[in-house]
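Please examine the structure shown below together with its sequence.

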Amino acid sequence: MQQIELPPREGGVTGIGEDHDQATSMARFAAENGQRLVRFAFLLSGSHHDAQDLAQSVLYRLSRRGIDDLDDPVVYARRCLINEYRSTLRRLTTSIGALPHLVEQASVTPDPTADIVARQSTLAALKVLTPRQRAAVVLRYYEDWSDEQIAQALGCAPGTVRSLLSRSKAILKARLEDSQKEQS
Amino acid sequence: MNDRDLEQLIQRRLTDLAEDAPTRFPTQRPSNVRRRGAVRLAGAGVVIASAVVGGIVLTSGNDSHESPSALCPNELRYQGERYWAVGVTRMPTEGKRLPGQAGPSPCDDGFGTEPARQIPVYSLPGASSSSAIIADGKLWTNTSLNEPPTPVVAARKPATCQFTSDTAVTGSVTDIKASAEPRFDGDVRGPFTLELRTEDPAITGPGYQWVTLRARGKAADAPSPSLVAAVLYDGKPAVVELGCDTNNFVVRDITLAR
């Protein structure tokens, strides 16, 4: 099994007794779920850099907290990531040109080999959704989670999840249909 | 398009898009692993960015609780005006206390509206309150401005190194970037860039509460994961020994402040 060196937990030292077991289970969790967490973060944020930061931040917090007492660390990790993403958004703002000299452009690296049009249109469609709607859509249609699992991740009732998805699909339908027409 | 077709389309598009996600996320630490990505302390260094999530354009603040916005701006309302937060490298000292209070713009990002709160407002010395204010530890400019006031421009200028010899600076590390693979445990390998916020008046100069110094470091001087965790995630103060390379700051050493 691959070993990952983890930071010492508060009040403890890795490699001894219970802390060693915690470190092992966290290492296994990161190995099994890390990449999927990065992909989830990317679908939420649309940014490579932000996806890595978000996933890294969540895994670090989990490693400090420990995961052995969690019923479902996968759901917990998604919930942490959604909250972290939302906090990040609230610390930032956008400019529509009133103060262009104060705007810092995020760098976008074009991928010459990808189906740029389709991916960009998917990204553009996702961005019209609120962060909560986006999270619900990704958890349902990419992660294939049930209403109850999504409700746990978003901290809401399953009925609310259904409403979120219904509204999101209506928005996405218009956007994706337009993009399909443009491509054909 | 019926509902089933739509769901399948969404699924295909997301799966395809996910293939574009970053793939470098090592689960083992080889001896020569290189790490990329910022290890940021949440809440530090507010910056205005136009493409944080790949280009969302905010058309207006949304006052309706019925239709959530895709993005809620970091915006204040004061005396009937709207102000946006400005990213600065040095924070001016607050001027006089201004009448009334400011409050965040009501905006629902789908998770509910941010709770209303009243925030004291201070003048920015050298600027009218209708153009720029200081509140909540940040600098804010009126959204209707076409040009920022001079004090705002000055607050955004990067700090340059003027030390005559290596100098120990105490402050908070607000960001560490390394040019290697991302790791979730704070491992910094290879050359790195560090941002240090200090309130030392000898460094900030008159008229400023704090200044952020950006310094480059060599691989040999990279902080250990436990030190990164302490200063970045736990927010413990650090002492960073800095030297100058022309006008650029260079990291010589990093330790925890006592």
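In chain A, residues 24 or more positions apart account for 64% of the contacts with a separation of 6 or more, where contact means heavy atoms within 4.5 Å. The model is a predicted one, in which local features need pLDDT of at least 70 and side-chain atom pairs count only at pLDDT 80 or more, while totals for chains, interfaces and linings use all residues. Residues are numbered from 1 along each chain as its sequence is written, chains are lettered from A and ligands numbered from 1 in the order in which they are written, and side-chain values use heavy atoms, with hydrogens and water left out.

**The two chains**

- Chain A has seven helices and zero strands; helices (H or I, at least four residues) and strands (E, at least two) are DSSP runs, numbered from the N terminus.
- Read from the N terminus, the elements of chain A follow the order α-α-α-α-α-α-α.
- Of the 184 residues in chain A, 55% count as buried; buried means under 20% relative accessible area, exposed over 50%, and partly exposed in between, with a 1.4 Å probe and protein chains only.
- Chain B contains four helices and 13 strands.
- In chain B, which has 258 residues, buried residues make up 48%.
- Among the contacts of chain B between residues at least 6 apart in sequence, 65% join residues at least 24 apart.

**Cavities**

- The whole structure holds three cavities of 30 Å³ or more.
- A cavity is defined on a 1 Å grid over the protein atoms alone, as a set of points where a 1.4 Å probe fits but cannot get out; lining residues have an atom within 4 Å of a point.
- Grid points are joined across faces, edges and corners, and a volume is the space filled by probe spheres set on the points.
- The lining of the largest cavity divides into seven nonpolar residues, one polar and one charged.
- In this classification, Ala, Val, Leu, Ile, Met, Phe, Trp, Tyr, Cys and Pro count as nonpolar, Asp, Glu, Lys and Arg as charged, and the others, Gly among them, as polar.

**The disulfide and other cysteines**

- A search over all chains finds one disulfide, meaning a pair of cysteine sulfur atoms within 2.5 Å.
- The disulfide is formed by B:Cys161 and B:Cys244, whose sulfur atoms are 1.8 Å apart.
- B:Cys161 lies in the loop between helix H2 (150-155) and strand S9 (167-180) of chain B, and B:Cys244 in strand S12 (residues 238-245) of chain B, so the pair ties together parts that are 83 residues apart in sequence.
- The torsion about the S-S bond of B:Cys161 and B:Cys244 is about -80 degrees, and the disulfide is therefore left-handed.
- B:Cys161 is buried, at a relative accessible area of 2%, whereas B:Cys244 is partly exposed, at 26%.
- In chain A, A:Cys80 is partly exposed with a relative accessible area of 22%, and A:Cys156 is buried with 18%.

**B:Glu75**

- B:Glu75 belongs to strand S2 (residues 75-78) of chain B and counts as buried, at 2% relative accessibility.
- The side chain of B:Glu75 makes a polar contact of 3.3 Å with that of B:Arg77 and one of 3.1 Å with that of B:Arg82.
- A polar contact is a pair of N or O atoms within 3.5 Å; within protein, one must be able to donate a hydrogen and the other to accept it, and residues adjacent in sequence count only if both atoms are side-chain atoms.
- Beyond its neighbours within four places in sequence, B:Glu75 is in contact with residues including B:Tyr83, B:Trp84 and B:Trp140.

- A:Leu154 lies in helix H6 (residues 147-154) of chain A and is buried, at 7% relative accessibility.
- Leaving aside neighbours within four places in sequence, A:Leu154 is in contact with A:Ile82, A:Arg132, A:Ala135, A:Ala136 and A:Leu164.
- B:Gly235 is located in the loop between helix H4 (225-233) and S12 of chain B and is partly exposed, at 39% relative accessibility.
- From C-alpha to C-alpha, B:Gly235 and B:Thr174 are 8.4 Å apart in space, and they are 61 residues apart in sequence.

Key. On a 1 Å grid over the protein atoms alone, a cavity is a set of points where a 1.4 Å probe fits but cannot get out, and a pocket is an open set with protein on both sides within 12 Å along at least five of seven lines; lining residues have an atom within 4 Å of a point.
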